[in-house]
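Hi,

Here is the structure I promised to send over.

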Amino acid sequence: SSITESNLNGKAHAGLSPLDKLVNKEVVGDVQKIISALPEDQASSFNLRDMQGYSYIEISEILGISLSSVKVNIFRARKHLKQKLEGSYRYGTEEI
């Protein structure tokens, strides 16, 4: 399953300004690239949990891996995503 704007923004996206929508599209594209570069087990676990909302136990059953492996995969995927996004965007500062 791929990441889409609706996965990340839901109904809240409708109330955004055109500039906010443009920025969101850029972020969604960056997230898609980062997730697609992850090892398959991490990407699958991340997508099932954070994009589709499955529980850790459900993910374990779907992927046929241990619960601890699911947790490790999601932790590593989130850590990698955070590092890559922090390298691309400066949180808490504004550049004009």
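Lys84 counts as partly exposed, at 44% relative accessibility (buried means under 20% relative accessible area, exposed over 50%, partly exposed in between, with a 1.4 Å probe and protein chains only). You'll find Lys84 in helix H5. Lys84 also sits 9.0 Å from Asp30, C-alpha to C-alpha, though the two are 54 residues apart in sequence.

Before you read on: this is a predicted model, where local features need pLDDT of at least 70 and side-chain atom pairs count only at pLDDT 80 or more, while totals for chains, interfaces and linings use all residues. Residues are numbered from 1 along each chain as its sequence is written, and side-chain values use heavy atoms, leaving out hydrogens and water.

Now the helix pair. H4 covers residues 56-63 and H5 residues 67-88, and they pack at an angle of about 105° with axes 9 Å apart (helices are DSSP runs of H or I, at least four residues, numbered from the N terminus; axes are lines fitted to C-alpha atoms over the stretch in contact, with angles from 0 to 180 degrees between N-to-C directions). That makes H4 roughly perpendicular to H5, a label for angles of 65 to 115 degrees.

On the H4 side, Tyr56, Ile57, Ile59 and Ser60 meet Leu67, Val70, Lys71, Ile74 and Arg78 of H5 (contact means heavy atoms within 4.5 Å).

Ser60 of H4 is buried, with a relative accessible area of 14%. Beyond its neighbours within four places in sequence, Ser60 touches Ile65, Ser66, Leu67 and Val70.

Cheers

Definitions and conventions. Helices (H or I, at least four residues) and strands (E, at least two) are DSSP runs, numbered from the N terminus. Angles under 35 degrees count as roughly parallel, over 145 as roughly antiparallel, 65 to 115 as roughly perpendicular and the rest as oblique.
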